[in-house]
Amino acid sequence: MTAGLNWNLVDVIRQLLSFHFMVNALRAGTIVAVVAGAIGYLMVLRRQSFAGHTLAVIGFPGAAGATWLGLDAAFGYFGFCVAGALIISALPGVDRRNAGLGGFSEESAAIGTVQAFALACGFLFVGLYHGFLNGLNNLLFGTIIGITDQQVLVLLIAGTGCLVALVALGRPLLFSTIDPDVARARGVPTRLVSTAFLVLLGIAAGGTSQITGSLLVFALLVAPAAAATRLTAQPAVGLALSIALAVLITWMGETFAFFSPYPIGFWVTTLGFAIFLLATAYRGITDRAGRHPTIPSPPQRALSESTTR
Amino acid sequence: MNRRGSDVATGTAPGPDLAGVIHTAAGDSVAQPSHGEGMGPDREVVWLSGAAARLGGQTIWSDVSLTVRPGQFVAILGPNGVGKSTLLKAILGLVPITAGQARVLGAKPKVRNAAIGYLPQRRAFDPGVRIRGVDIIRLGWDGDRWGVPLPTLPWAHRSRAARQRVREVIALVGAQSYAHRPVGQCSGGEQQRLLIAQALVRRPELLLLDEPLDSLDVTSQASVSALIQSVCRCEGVAVMLVAHDINPILPYLDQVIFLAGHGAVMGPPEQIITAETLTMLYGTPIDVLRDHAGRLVVVGHQDLPFQQLPRPRHEP
């Protein structure tokens, strides 16, 4: 702790690992980042970011309620997030995102209402608990202090299960994301796949909440994935890139949080935002460089159409 | 390219007797044309007899009988809301057939969907969709298999075969120059070609295309029509195509199905595409003209609401 943050990486890592709470924070953060990077990439492709955010917010009353009842907050997070996922997938119109003009706004309105109610319940539970005020901040904005060995184990089990299920869903999940009508015609149970993915998203959101807090889940769930989709259009590469960026953001964020007085939620979110901005700038520059003309003028388009024959 | 007549590549050309057959709702076994070499319902690509479909408690159409043979290029016409898309979905088994009989590729609908290429009615991909055309075509190959493709040795030959086939269909539809671009950045015609490639990648025996020419400009309409026709001839795939504007595909058609609320009329285009038949079916004046090259052109108000239609008369 005496040396502080410097450019000697070995020394920095030695300092970090000399505290057990920090070792646990890095373990938990890595597990959470891998899961959030992978699930988040598909969430961004499926355009379910709003549902993902709602699931994270639903985790807050779960955690607050569990704390109030004297239970482990982790069970509250996972329980409420998975239950929320099942409720959202039962709302009409959820698996018809691309199918028609109607339905989408209705779904958003229903999900938004659920979100507001979840936040209100969370505040009620915090009020009932009469606990130390800092608990609220930690639930909403995250902490690296006080992650127990048992919590790491629970995250590891949940995260492994989540990734195994994601790999098993694999191609049908991507198929029903890109082209739900054709996937259904090919016998893919799109409704089931959609529900299963929302449950996985709930687990990922619940796990991530325990590090970044309910409100800043998006730093890990969306920012790396959104950056990855801007950097590549290849699904496998994009998935790997999303995971790598999420892990990088988490490690750097936890390191900065350790050496600075500012909380982890701030660092992880800021780093995620920076990476997203860089990726968007890269996309804008390469698009403008003319390698991918986005809007060909009508005569050009007609010409290129006819010459491809 | 501008084929009109008899040179069907598959050797199962519609017999001369078919020219006179108009399937109606006359009742039992009407859709059994007296073709020579044992053409039962199971030998046909699609065979419907007195079929009806219901969707949301409402009968969409009923008494529909039709026969599609291997390698035929068939257009499905009809007014808005008459259930043309539902007909394709019923053939796919996505909408149940509540009356009559249906055989698709020798089995009940849905059983042999793996041998059917389907292009649903849609608007274009959003410009923000960041997935390449090749990925979309590849999903047509093995997107319904659980798990992810493994690059390890025992499966290497399988994924090589997949990549090879994806390259083939990209060349077939002429998409080499844009197949590796994000699909959202492709033009409407390019997207339609990529989706046709996706529908073709598993070497289907039947291609169901729902308004593939919709929202394309005139040049793209012509080139996509020619592409579909060449696929139909070269690969021996039967094509059923829902169309709103019949003119771009008219030179290539073997058969036309005109769908109405009660029953369907099927026959060669010269017979269905006449001023008298169309005027009777749509219940509004329609002209059929011939241009300088002798091609038919349909002129008229095709989009009358379904309710305003008279019931088509069935003459057994």
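Modeller: Helices here are DSSP runs of H or I with at least four residues, strands are runs of E with at least two, and both are numbered from the N terminus. By that count, chain B has 7 helices and 11 strands.

Colleague: What sort of model is this, and how are its parts numbered?

Modeller: It is a predicted model: local features need pLDDT of at least 70, side-chain atom pairs count only at pLDDT 80 or more, and totals for chains, interfaces and linings use all residues. Residues are numbered from 1 along each chain as its sequence is written, chains are lettered from A and ligands numbered from 1 in the order in which they are written, and side-chain values use heavy atoms, with hydrogens and water left out.

Colleague: How many helices and strands does chain A have?

Modeller: Chain A has 14 helices and 0 strands. Along the sequence, the pattern reads α-α-α-α-α-α-α-α-α-α-α-α-α-α.

Colleague: Why is Leu105(B) called buried?

Modeller: Buried means under 20% relative accessible area, exposed means over 50%, and partly exposed lies in between (1.4 Å probe, protein chains only). Leu105(B) has 8%, so Leu105(B) is buried. Leu105(B) sits in the loop between β4 (97–104) and β5 of chain B. Its phi is near 55 degrees, a positive value in a residue other than glycine.

Colleague: Why does Arg47(A) count as partly exposed?

Modeller: Its relative accessibility is 41%. That value falls between the 20% and 50% limits, so Arg47(A) is partly exposed. Arg47(A) lies in the loop between α2 (20–46) and α3 (49–68) of chain A. Here too phi is positive in a residue other than glycine, near 60 degrees.

Colleague: Which side chains are in polar contact with the side chain of Arg46(A)?

Modeller: A polar contact is a pair of N or O atoms within 3.5 Å; within protein, one must be able to donate a hydrogen and the other to accept it, and residues adjacent in sequence count only if both atoms are side-chain atoms. The side chain of Gln48(A) qualifies at 3.2 Å.

Colleague: Why is Leu278(A) called exposed?

Modeller: Its relative accessible area is 60%, and the mark for exposed is over 50%. Leu278(A) is placed in helix α13 (residues 264–288) of chain A. Its C-alpha is 8.0 Å from that of Ala227(A), 51 residues apart in sequence.

Colleague: What makes helix α1 of chain B mostly covered?

Modeller: In α1(B) (residues 84–91), 7 of its 8 residues are buried. Among them are Lys84(B), Leu87(B) and Ile91(B). Just after α1(B), Gly93(B) takes a positive phi of about 80 degrees.

Colleague: What share of each chain is buried?

Modeller: Buried residues are 50% of the 309 in chain A. In chain B they make up 55% of 316.

Colleague: What is the buried area between the chains?

Modeller: Buried area is the accessible area (1.4 Å probe) that two parts lose on being put together, summed over both. For chain B and chain A that is about 3,700 Å², with 55% on carbon and sulfur atoms.

Colleague: Why is the pair Arg47(A) and Asp126(B) called a salt bridge?

Modeller: The term asks for a side-chain nitrogen of Lys or Arg within 4 Å of a carboxyl oxygen of Asp or Glu. The closest N and O atoms of Arg47(A) and Asp126(B) are 3.7 Å apart, so the pair qualifies. The count between the chains is 2 salt bridges. Another count gives 10 residue pairs in polar contact, both residues at pLDDT 80 or more.
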